[in-house]
Amino acid sequence: AQLHYSVPEDREPGFSVGDLAKDLGVEVRSLAARNLRLVSEGGQRHFQVDLAAGVLLLDSRLDREALCGQSPTCSLHLQLVMENPLQLHRVEVDVLDVNDNAPQFPKPEVVLEITEVANPGTRLPLEVAEDPDMGSNSISTYELSPSKHFALSINVRGDGVKMPEIVLEKALDREKVPVHHLTLTALDGGNPVKSGTARVTIHVLDANDNPPVCDPPISKVLLEENVPVGTLVTKLNVTDLDEGPNGDVEYSFKTSNNAPGKFTKLFSLDARTGEIRTKAPLDYEESSAYEIAVRARDKGSPAMEGHCHLRVELIDINDNSPEIVLTSVSSPVQEDAAPGTVIALIGVKDSDSGDNGQVRLQIAKELPFKLVSSFKEHFSLVTSGPLDREKASGYNITVRAVDSGSPQRATQKTFYLRIADVNDNAPNFSSPFDTAHVQENSLPGTSVFSVSASDPDEGSNAKLSYSILDNGMQDAPISTYFRIDQDNGTIYTVRALDYEQDKVFQVPVEVKDAGSPALSSTAVVHVFVLDENDNAPNIVYPSVPKGSAFHQAIPALAEPGYLVTKVVAVDADSGHNAWLSYQLQESAEALPFQVERRSGEIRVAQALRESEDSHRLVVEVRDNGTPSLSASVVIVISPEENSMQDFSKSLDLPQPSSEDTNLTLYLIISLVSISLVSCVMFGLVAARC
């Protein structure tokens, strides 16, 4: 939107220029939240915004003449920027002229000369008074003090400036009145009227009675602004009807004290020929036209002069490149920003005029952005498609401004736009299934395995924490067996594991990022417990209390090979740790018995002697682990005369108890479980290969 206000130049600071909140249709209490701020296009700050009242206030006293000089209009251009959403409003403030300057002549006294033979109607040009005010407050008219011989004539120049001239109305007689003293008064059109005066002294001379005359007195020349230095602008056509020195004309520039030599720095005048040439580069953007006053004076006595007025108008050429102004840039921008989100406010300026000053903006087509014209010479850069920080974390955006001149001129400006991360990616494990092994009876705190996950987001959205989920597959919660370092994903044991109780664990691991809302994923780690030889063999037959002996009677005439009894033992370990071997402990005397190493059968090794006493055997059962563990039983064998070989009795092993049956069942289940897990793992490996 564009707002338009006006303010007189004499108002004090704090003067209310306009109600911004009302004109913008915005509630006053929202201005501070939307960070309303004022941007001056000229670099100087003359205004301020009262956020509490929502009005535009004058910050410093304005001087229209200092701001805009002699320009017929004086406007200050401001920009209002509001955020959430980002909006740009343009404010144009017209500075109204106040009659605060009185007319002033370049010199307080003007001395003129006129020959006594001058005819009535002879004109004596006067210096134009200066009034910095404009419009009705500028010079309105001139007045001359009463005189019998002179009157005042006012001519209007092509640019509207009133030029006073003294006109001779009655023939002069130098012998009667050699000098005339008059007062010239300049009046402006203000209210109240202000005035300025100059004393006019007219000396009456003899002789040279024809002044130089310009033909035409007022002329106009069109000139391109890029002409080379030294280019001929025009040659003045001046005639003087006198002869000799009275008709020999010299030319000079006519300047005023308020603007001494503004055009004399750009143009040169040949005093003899009246040729006007350029002596410095001309710039249309600095000034589009120049008013040149030339004085043509003859060499008579007294000298007479005429005045030529030349207006030089410059033709604009395309000699200025466009200028790009980044008013505001919203960086970074969220990667989930909707299409149409405003990214930047861009203004363009070109000091040229016409087609040379018409500018269009361009950006690369492959970027997910586009330019939208807000109003004249102002554009908004908005998103035109989805953004993805994981594919592009930022963009170097080059804005190119091209004018419509011939040849075209272009300017470009590049700025970097950072894309802010949004938690739109869940963490991802390197593998959804992993396998780990841990020795049973390992100390609590033993490292088992380290899982690894990655998150393509950044910052807190990529900060990962690991945790173990309870799957309910064990009797006790899985957290009583394992814990995980939430920062690095390392899994540790919480307590010593028992292979005989749990041979494999499924540990579900969850990884979660710190985004809002948080995203997560899971993986399963199969932890296999490796057996350790931590169980000694258990003798299930013969079953005797600890410290007691088992008594076995055999026939006194038992022959070698006779089966006396059989020792049966089991080991809760597995593999090599459960391989058992039987042997007799060494004794001081040689025993007529031997034990089968693998089966545990005790047989007569040699014929027994008659009346031989009982024998005490210590049978040791040892496993194959490292270190090896063992158990032993004491068997007392007594030969008896009446005892007969009863093979079935000798092998009368006790029926296994329910506890032994459960132990056997556990061994079978363990073997089947290990087999199934192995098959599953082999299948996964084969599938991945």
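**Cysteines and their pairing**

Mentor: A search of the whole structure turns up one disulfide, a term used here for a pair of cysteine sulfur atoms within 2.5 Å. This is a predicted model, where local features need pLDDT of at least 70, side-chain atom pairs count only at pLDDT 80 or more, and totals for chains, interfaces and linings use all residues. Residues are numbered from 1 along each chain as its sequence is written, and side-chain values use heavy atoms, with hydrogens and water left out.

Trainee: How far apart are the sulfur atoms of cysteine 214 and cysteine 308?
Mentor: In general, a disulfide is a covalent bond between the sulfur atoms of two cysteines. Cysteine 214 and cysteine 308 form one, and their sulfur atoms are apart by 1.2 Å.

Trainee: Which strands does the pair link, and how many residues apart are the cysteines?
Mentor: Strands here are DSSP runs (E, at least two residues), numbered from the N terminus. The pair links distant parts of the chain: cysteine 214 sits in strand β15 (residues 213–214) and cysteine 308 in strand β23 (residues 305–315), apart by 94 residues.

Trainee: Is cysteine 308 buried or exposed?
Mentor: Buried means under 20% relative accessible area, exposed over 50%, and partly exposed in between (1.4 Å probe, protein chains only). With a relative accessible area of 4%, cysteine 308 is therefore buried.

Conventions
Helices (H or I, at least four residues) and strands (E, at least two) are DSSP runs, numbered from the N terminus.
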